[in-house]
Amino acid sequence: LAAFHTTFIAVGVLVFLPFVHRFANAIERILPDRGPMLTRHLDDSVLQTPAVALEATRRALSEIGAETFNTIASLLDSRAGDVSEGRESRLRSAMDRVRDFFPRIPAGTDEEPLPDIRLAQMHAIDHLTQLHVRLQAPESVREVLDHPRLREVVALSREILEKGAAGLREQGAENWLSQIESQAAELANLRRIERVEILEQTAGGSAVPGQALKLLDAMRWLDGMGYHAWRISNYLRADGPADPTPEVEPSPPHPEEPQERGTI
């Protein structure tokens, strides 16, 4: 009797196996996912299990981060238009859903402390919020993105965003985060070097002041983008943040210009 049932089930599986994908597609058509794709992991039923809820939040933030990175990367083409209203609205709605879900996750028990994970995700939410300000590039920045002087900076920024998006979706290279960290530092260094040279050339009369100011604004915009992309990637990596040190970020003289990186 046991052999009969085992054989019956095995034959049924073998017959059904070639049609699994068609069956799955049919079920998806009958019962479509009615929730937003970016926050599909956020289910109130997991809130009573803090570890599971925090992992769900990390996955949602990773999806939002990757989509944000790809959206900003599309802006680095000076011929590109503004981000579509629908795309921007989806990202902002997804962040609103995370902000509603995250505070309702209970604190971990003594046997399951989760303060480091919770802190990392708070940092990630803060950086994503600041990065969303860059979803619309200022007109003055867009005007100079194809300037020869910014060619290296733009290429480096695009690499950071592409590697970050792949890494957050767990499709990046093994050392993707260290690459982003190195490139973000290189981007900050390029901004500092170019800033001095542009100011000196402008003072010497070999550069037009109006154009020089636009170039400086664009460099600050790109450097800030690279910085936030690096920190988001760090805090949302699947195996936990590589640098869990709490951030101590001094107030910059310009709202988009980070100062010394320190332990950030």
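Predicted model: local features only at pLDDT ≥ 70, side-chain atom pairs only at ≥ 80, totals over all residues.

Reader: What makes up the secondary structure of the chain?

Author: There are nine helices and zero strands. Read from the N terminus, the order of elements is α-α-α-α-α-α-α-α-α.

Reader: What percentage of the residues is buried?

Author: Of the 264 residues in the chain, 39% are buried. The label requires a relative accessible area under 20%.

Reader: Among contacts between residues at least 6 apart in sequence, what share joins residues at least 24 apart?

Author: That share is 75%.

Reader: Why is Phe 4 called exposed?

Author: Phe 4 has 53% relative accessibility, and exposed means over 50%, so Phe 4 counts as exposed. Its place is in helix H1.

Reader: Which residues form the nonpolar patch on the surface?

Author: Phe 4 is one of them, along with Leu 1, Phe 8, Ile 9, Val 13, Phe 16, Leu 17, Val 20, Phe 23 and Ile 27. Together they have about 1100 Å² of accessible area. Two elements, helix H1 (2–16) and helix H2 (20–30), each give two or more residues to this patch. The largest share, five residues, comes from H1.

Reader: What makes the pair Arg 92 and Glu 88 a salt bridge?

Author: The N to O distance between their side chains is 2.7 Å. The cut-off is 4 Å, so the pair qualifies. Both residues lie in helix H4 (residues 85–101), four residues apart, which is about one turn of the helix.

Reader: Are the two partners, Arg 92 and Glu 88, buried or partly exposed?

Author: They carry separate labels. Glu 88 has 15% relative accessibility, under the 20% limit, so Glu 88 counts as buried. Arg 92 has a relative accessible area of 37%, which lies between 20% and 50%, so Arg 92 is partly exposed.

Reader: How do you know that Asp 100 forms a salt bridge with Arg 97?

Author: The closest N and O atoms of Asp 100 and Arg 97 are 3.4 Å apart. That is within 4 Å, so the pair is a salt bridge. Asp 100 and Arg 97 both lie in helix H4, three residues apart. With relative accessibility of 40%, Asp 100 is partly exposed, and Arg 97, at 23%, is partly exposed too. Asp 100 and Arg 97 also belong to a network of salt bridges that links them with Asp 44 and Arg 104.

Reader: What makes Arg 142 and Glu 139 a salt bridge?

Author: Their closest N and O atoms are 3.5 Å apart. Because the limit is 4 Å, the pair counts. The two residues lie in helix H6 (residues 139–144), three residues apart, about one turn of the helix. Arg 142 has a relative accessible area of 11%, under 20%, so Arg 142 is buried. The structure holds 19 salt bridges.

Reader: How does the reach of helix H9 compare with the expected value?

Author: Helix H9 (residues 209–236) has 28 residues and reaches 41 Å from its first C-alpha to its last.

Reader: Why is H9 called mostly covered?

Author: Of its 28 residues, 22 are buried.

Reader: Which residues have the most contacts inside the largest nonpolar core?

Author: They are Leu 61, Ile 64, Phe 69, Leu 161 and Leu 222, in a core of 61 residues. Helix H3 (50–75), H4, helix H5 (115–132), H6, H7, H8 and H9 each supply at least two residues of this core. Its largest share, 14 residues, comes from H9. In soluble globular proteins, nonpolar side chains tend to be buried together.

Reader: What does Leu 222 touch?

Author: Leaving out residues up to four places away in sequence, Leu 222 touches Leu 76, Leu 145, Val 153, Val 154, Ser 157 and Leu 187.

Terms used. Residues numbered from 1 in each chain as written. Heavy atoms only, no water. Patch = residues over 30% accessible without salt bridge, like charges linked within 9 Å, V, L, I, M, F, W, Y side chains within 5 Å. Areas by Shrake-Rupley, 256 points an atom, 1.4 Å probe, with all protein chains shown as cover. Buried < 20%, exposed > 50% of the residue type's maximum accessible area, 1.4 Å probe, protein only. Contact = heavy atoms within 4.5 Å. Expected span 1.5 Å × (residues − 1). Core = buried A, V, L, I, M, F, W, Y, C linked by side-chain atoms within 4.5 Å.
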